[in-house]
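This briefing is organised by topic for a reader who has the sequence and the coordinates at hand. Please consult the display below before turning to the points that follow it.

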Amino acid sequence: MNKKAKIVKPIKDAWVLKSVQDCLHDKFETGVRNYTIFQVGKATLLRVSDVLKLKKSDVYDYDGSVKRNAYTIDKKTKKRNVLYLKPVVKDLQEYYDWLEKWQKDHPAQRVFTSEWLFPSFTNPDKHIDRKRYYMIMHRVGEILNIPYLGTHTMRKTGAFKVYEQTNHNIGLVMKLLNHSSEEVTLTYLGLDQETREHILDTINFD
């Protein structure tokens with residue numbers, strides 16, 4: 001019998017999100033990289049595979065400053081993505097400085113000069129792969145006793161934040177996720193019956 005697939009949900013509580021971010025950042029030797037992956041995925045709503053294959057040249061100008069936009073092609077849908085990077089400028093700048101210092105302290109690990117934004121620290125000629133990042137998120141889930149973390153957590157969390165903070169503008173979220181229907185987007189956001197009822201409780205039907 002196949003093992004039941006793990007259900008990955010968005011992080012809806014601010015304190016849980018802060019705990020996950022702190023754990024990613026502080027509990028791993030490569031924590032700043034792991035944390036920045038999460039932040040970029042959350043802010044751009046990219047699929048994890050598309051986040052991990054970003055190159056430094058997509059994100060940084062020649063002087064190391066963060067670009068306003070990055071341009072990618074969605075691996076799954078083949079649609080063009082225009083990424084707005086302003087929400088993660090601070091994270092990307094700190095990551096750039098950290099990566100530069102890491103390579104100075106570990107000259108054999110060419111992570112700063114690697115073309116990849118998120119290089120593998122065991123083989124900097126390649127980017128960190130999805131399986132490795134899943135293991136990192138799984139470990140965070142174990143440490144914090146959160147069973148629903150996975151590689152889709154950052155994208156789902158970002159989408160849920162946009163949904164909540166735009167007065168439930170499902171059309172915008174659907175467009176940002178490159179989804180073909182609102183139903184798909186609502187399911188992706190994990191809007192179960194309890195959540196729908198909570199939203200309905202806030203509406204005046206008089």
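Buried means under 20% relative accessible area, exposed means over 50%, and partly exposed lies in between, with a 1.4 Å probe and protein chains only. By that rule, His-168 counts as partly exposed because its relative accessibility is 29%. This is a predicted model, in which local features need pLDDT of at least 70 and side-chain atom pairs count only at pLDDT 80 or more, while totals for chains, interfaces and linings use all residues. Residues are numbered from 1 along each chain as its sequence is written, and side-chain values use heavy atoms, with hydrogens and water left out.

**Aromatic pairs and cluster**

- The structure holds seven aromatic pairs (rings of Phe, Tyr and Trp, the last by its six-membered ring, with centres within 6.5 Å; planes under 30 degrees apart count as stacked, over 60 as edge-to-face and the rest as tilted).
- One of these pairs is formed by Tyr-95 and Phe-118, which is tilted because the planes stand at 40°, with the ring centres 5.4 Å apart.
- Tyr-95 belongs to helix 5 (residues 89–105) and Phe-118 to the loop between helix 5 and helix 6 (130–144), so this pair ties together parts that are 23 residues apart in sequence. Helices (H or I, at least four residues) and strands (E, at least two) are DSSP runs, numbered from the N terminus.
- Tyr-95 and Phe-118 are both buried.
- Trp-98 and Phe-121 also make a tilted pair, since their planes are at 35°, and their ring centres are 5.9 Å apart.
- This second pair likewise links distant parts of the chain, with Trp-98 in helix 5 and Phe-121 in the loop between helix 5 and helix 6, 23 residues apart.
- Phe-121 counts as buried because its relative accessibility is 10%.
- One aromatic cluster is formed by Tyr-95, Trp-98, Trp-102, Phe-118 and Phe-121.

**Charged side chains**

- The charged end of Lys-55 sits over the ring of Trp-116, at 5.4 Å from its centre (NZ of Lys or CZ of Arg within 6 Å of the ring centre and within 35 degrees of the ring normal).
- The charged end of Lys-156 sits over the ring of Tyr-188, at 4.9 Å from its centre.
- Lys-42, in helix 2 (residues 31–44), is buried but has no salt bridge, and the nearest side chain of opposite charge, that of Asp-91, is 6.5 Å away. A salt bridge is a side-chain nitrogen of Lys or Arg within 4 Å of a carboxyl oxygen of Asp or Glu; Lys and Arg count as positive and Asp and Glu as negative, while His and the chain ends are not counted.
- Residues up to four places away in sequence aside, Lys-42 touches Leu-17, Gln-21, Met-154, Thr-157 and Gly-158 (contact means heavy atoms within 4.5 Å).

**Nonpolar cores**

- The largest nonpolar core has 44 residues, of which Val-20, Leu-24, Phe-38 and Tyr-133 touch the most other members (a core is a set of buried Ala, Val, Leu, Ile, Met, Phe, Trp, Tyr and Cys residues joined through side-chain atoms within 4.5 Å).
- Two or more residues of this core come from each of helix 1 (14–26), helix 2, helix 3 (48–52), helix 5 and helix 6.
- Helix 5 gives the most to this core, with six residues.
- Beyond its neighbours within four places in sequence, Leu-24 is in contact with Gly-31, Asn-34, Tyr-35, Phe-38, Tyr-133, Ile-136, Met-137 and Val-140.
- Another core, of 11 residues, lies apart from the largest one and includes Phe-160, Val-173, Leu-177 and Tyr-188.

- Pro-119 is in the loop between helix 5 and helix 6 and counts as buried because its relative accessibility is 0%.
- Residues up to four places away aside, the contacts of Pro-119 include Arg-33, Tyr-95, Val-111 and His-127.
- Asn-34 lies in helix 2 and is buried, with a relative accessible area of 0%.
- Leaving aside neighbours within four places in sequence, Asn-34 is in contact with Leu-24, Phe-28, Tyr-133 and Ile-136.

**Positive phi values**

- Leu-45, although not a glycine, has a positive phi of about 65°.
- Leu-45 is found in the loop between helix 2 and helix 3 and is buried, with a relative accessible area of 4%.
- His-168 also is a residue other than glycine with a positive phi, near 65°, and is found in the loop between helix 7 (153–165) and helix 8 (170–177).
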